[in-house]
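Please keep the sequence and the model in view while reading.

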Amino acid sequence: MQHAHGTFTVKVAPLTPAPAEGLGRFSIDKEIHGDLEATTKGEMFSGGDPKSGAAGYVAIEVVTGALGGKKGSFALQHSATMDASGLKMTVLVVPGSGTGELKGIAGTFAIRIENGQHFYDLDYTLPE
């Protein structure tokens, strides 16, 4: 298992039309820096009432750039919920999504937010 970490900025913007009453649809664009130098493009669907602290989202985004000097792309799949017990989030590298020198990548992408700054930890494997 290899490890990459760093920071990122994210822009989330509403998309219309919403898929159904009570659901939201958003574009996701990230700039990632550190061991992974990349940009992302993706889409998120949300439900629930985030203002009251009870909601969830799913998303898929394509990451394009360089990881440890290897160039290519891969997709990340997000699934998260929040409620009174806190935030639960899983972000996985989508199997079979790696391209270029990142073909065959597998792993997990953890997100932390501290004092308004976004950090990531990517634990991954690549074929020999």
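For the charge count, Lys and Arg are positive and Asp and Glu negative, with His and the chain ends left out; each charge is placed at NZ of Lys, CZ of Arg, CG of Asp or CD of Glu. On this basis the protein chain carries 10 positive and 14 negative side chains, and the centres of the two sets lie 4 Å apart.

The model is predicted: local features need pLDDT of at least 70 and side-chain atom pairs pLDDT 80 or more, while totals for chains, interfaces and linings use all residues. Residues are numbered from 1 along each chain as its sequence is written, and side-chain values use heavy atoms, without hydrogens and water.

The protein chain has 0 helices and 8 strands (DSSP runs of H or I, at least four residues, and of E, at least two, numbered from the N terminus). Its C-alpha atoms fill a box of roughly 45 × 30 × 20 Å along the principal axes.

Buried residues (under 20% relative accessible area; exposed is over 50%, partly exposed in between; 1.4 Å probe, protein chains only) make up 32% of the 128 residues. A nonpolar core joins buried Ala, Val, Leu, Ile, Met, Phe, Trp, Tyr and Cys residues through side-chain atoms within 4.5 Å. In the largest such core, of 18 residues, Leu36, Leu67, Phe74, Phe109, Tyr120 and Leu122 touch the most other members. Strand S8 (117–125) is among the elements giving two or more residues, and S8 supplies the largest share, 3 residues.

Beyond four places in sequence, Phe109 has contacts (heavy atoms within 4.5 Å) with Ile32, Leu36, Leu76, Val91, Tyr120, Asp121 and Leu122. A second, separate core of 5 residues includes Ile28, Met44, Tyr57 and Ala59.
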